[in-house]
Amino acid sequence: MPFVQALLYRTSLLRAQISISPALLTVFSIAFMFGVDNSTFWYIASDVFSGHLLSLMGYMAAVFCLTLAAFSLFAFRWTVKPFLISMLILAAMTSYYVDTLGIIVDRDMIQNVMVTTVAESRHLITLGYVTHILAFGVFPSLIVMWVRIRPQRRVWAAVTPIVTFVVSLALATGLLMVDLKSYASILRERKDFMSSYQPGAPLVGAIRYAKMISRSANLVLTSTGMDAKAGAAYDAPQKPMLTIVVAGETARAQNFSLNGYDVDTNPELSKLPVINFSNTHSCGTATAVSLPCMFSKFSQDSYSFEKGTSTENVLDVLGHAGLNVEWWDNNTGDKAIAARFDTRRLTNLKNPEFCATGECIDGIFLEPLKEYIASVNKDTVLVLHQIGSHGPTYYQRYPAEFERFTPACRTAEFKKCTPQEITNAYDNTIAYTDHILAQTINMLAANDGLATSLIYVSDHGESLGESGLYLHGAPYFMAPETQTHVPMILWMSDAFQSRFSIDESCVADQRDKALSHDNLFHSLLGLLDIHTAERNPDLDIFTPCKTNVEVAKL
């Protein structure tokens, strides 16, 4: 006890002797983050400026000065510590995921974080993450809190941050002007460079996200397809139609054996008469973007959060045409896609078979789906939103009996697993999705009283360590094929093909055609014979495959 008291006494004496100005504390804090929280940034810089040491030093000095200019606006006596502590914690948090998973923390990633659930996000809070935050966030923050701010005259205290801002900005501008042409070229060609800078990149992303939310706050919903009419397939008394749209999660086409993958991940679907579209690409690389985009009428290059939020989607058009529409969710919600329809959440149910870990695997759909199919008595479109292959805890997305590919990674910390173990765990999730889809198709096929069909398409893909990238959410401009190439599958019963006048062999001829989420809105309307000016025949894969000539010309 005397030792502790002596240590505290010496520490208080040392603190009384050491004081620092807000500006200098800011400089030291930036230097710490610049050197400790930017491994990926420095790695890319060494590649970008390979063999050009002076250019590297000049550019890094410019980035440092720009950061100092921005941070100096908070370098006042009462704001400097809270601000720097928040930046140290932020940089520690984001640098862990950037350096270990290769992700980019931009606006879309922040949007994805904001709409995720506690159950989903807790898998990313690992021992390695906590240790990293303590070492590079909490510990330096405690030092910032401990350091005494040197008293300054009021005028000097008020003027110093402004002077620091002006001088730092001028220095940064001067350094960049020395070789502006080369620097501009690098930034155009290597967009991943500054996207990896901490905490600059997440700060810019947060500002862009705030602007996006602000712009969409007062948007008025615009109706879409109010002219929608059911076509000839609905004229005479028919068997009720049930189409199930399965919105997959994190399934990449490269790991579907239906697409030629050398691991048998589709043993059940391969035995069913499904049409596998092998060349389909997603609208985005994260659920928050891809899911609303794929149901919207907008193409990937024209979609925006504001447009998606303020415009009705294909489910609304089907509703306008008189179809019954429902959404069942085993993920993070419908992102307002089904806001105007009945929805059913199947997450976190007290089901020991499918929800033992606190989250439910997709087998939770099967029993209620069996009962639902038997009860359908009107034309219906049902959307199933899967948890699918969402990582990093792939091993929790399938039951024990589906761990066919071993050894499988059984932790969220990929550095503790080999590449093959990570791939094995992921492949097990794909095999389980194969089982869920096959079981659903078998239930539909067994009901002779309905005209049934199923469309499956994943929202985005996944990186499994290729080029140092893991998970998903990479900015679309730099996203690898593994995050954008997604599986899409169609199954139709004979009764459905007859009622909707569809030539199955014609549709199958398009199995290798370049398709994307852009096609879903228009193809779903074409498949179900819904007439509206919103449907673009060029994006409807069923346009040339309708045996009814009148419908085909629409």
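The side chains of Arg535 and Asp540 are joined by a polar contact of 2.8 Å, a polar contact being a pair of N or O atoms within 3.5 Å in which, within protein, one must be able to donate a hydrogen and the other to accept it, and residues adjacent in sequence count only if both atoms are side-chain atoms. Arg535 lies in the loop between strand E14 (530-531) and helix H22 (549-552). With a relative accessibility of 11%, Arg535 counts as buried; the term means under 20% relative accessible area, while exposed means over 50% and partly exposed lies in between (1.4 Å probe, protein chains only).

The model is predicted, and local features need pLDDT of at least 70, side-chain atom pairs count only at pLDDT 80 or more, and totals for chains, interfaces and linings use all residues. Residues are numbered from 1 along each chain as its sequence is written, and side-chain values use heavy atoms, with hydrogens and water left out.

The chain contains 22 helices and 14 strands, which are DSSP runs numbered from the N terminus (helices H or I, at least four residues; strands E, at least two). Its C-alpha trace spans about 90 × 50 × 45 Å along the principal axes, and 55% of the 554 residues count as buried. A residue at the other end of the accessibility scale is Asn377, which is exposed with a relative accessible area of 62%. Asn377 is placed in the loop between helix H16 (366-375) and strand E8 (380-385).

Helix H4 (residues 53-72) has 20 residues and reaches 28 Å from its first C-alpha to its last, close to the expected 28 Å at 1.5 Å a residue; the expected span is 1.5 Å times one less than the number of residues. Because 14 of its 20 residues are buried, H4 is largely enclosed by the rest of the structure. Helix H8 (residues 127-146) also has 20 residues and reaches 27 Å, close to the 28 Å expected. H8 bends by about 35° at Leu134, the bend being the angle between axes fitted to the seven residues ending there and the seven starting there. Among the buried residues of H8 are Tyr129, His132, Ile133 and Pro140.

The empty space of the model comes next. Rolling a probe the size of a water molecule over the atoms shows where empty space is left. On a 1 Å grid over the protein atoms alone, a cavity is a set of points where a 1.4 Å probe fits but cannot get out, and a pocket is an open set with protein on both sides within 12 Å along at least five of seven lines; lining residues have an atom within 4 Å of a point. Grid points are joined across faces, edges and corners, and a volume is the space filled by probe spheres set on the points.

The largest pocket holds about 1,100 Å³ of space. It is lined by 47 residues, of which Asp106, Ser195, Val204, Gly205 and Arg208 are the closest to its centre. Among the elements that give two or more residues to this lining are H4, helix H5 (80-101), helix H6 (107-115) and helix H12 (200-216). By class the lining of the largest pocket has 30 nonpolar, 10 polar and 7 charged residues, where Ala, Val, Leu, Ile, Met, Phe, Trp, Tyr, Cys and Pro count as nonpolar, Asp, Glu, Lys and Arg as charged, and the others, Gly among them, as polar.

The second largest pocket has a volume of about 810 Å³. Of its 32 lining residues, Tyr97, Ile103, Met109, Val113 and Leu124 are the closest to the centre. H5, H6, helix H7 (118-121) and H12 each give two or more residues to this lining, and H6 gives the most, with 6 residues. The lining of the second largest pocket has 19 nonpolar, 11 polar and 2 charged residues.

There are 2 cavities of 30 Å³ or more. The largest cavity contains about 80 Å³ of space, and the residues that line it include Phe277, Met488, Asn519 and Phe542. H21 (518-527) and strand E12 (485-492) give two or more residues to the lining of the largest cavity, and H21 gives the most, with 3 residues. The second largest cavity contains about 50 Å³; Ile103 is one of its lining residues. That lining divides into 7 nonpolar, 4 polar and no charged residues.
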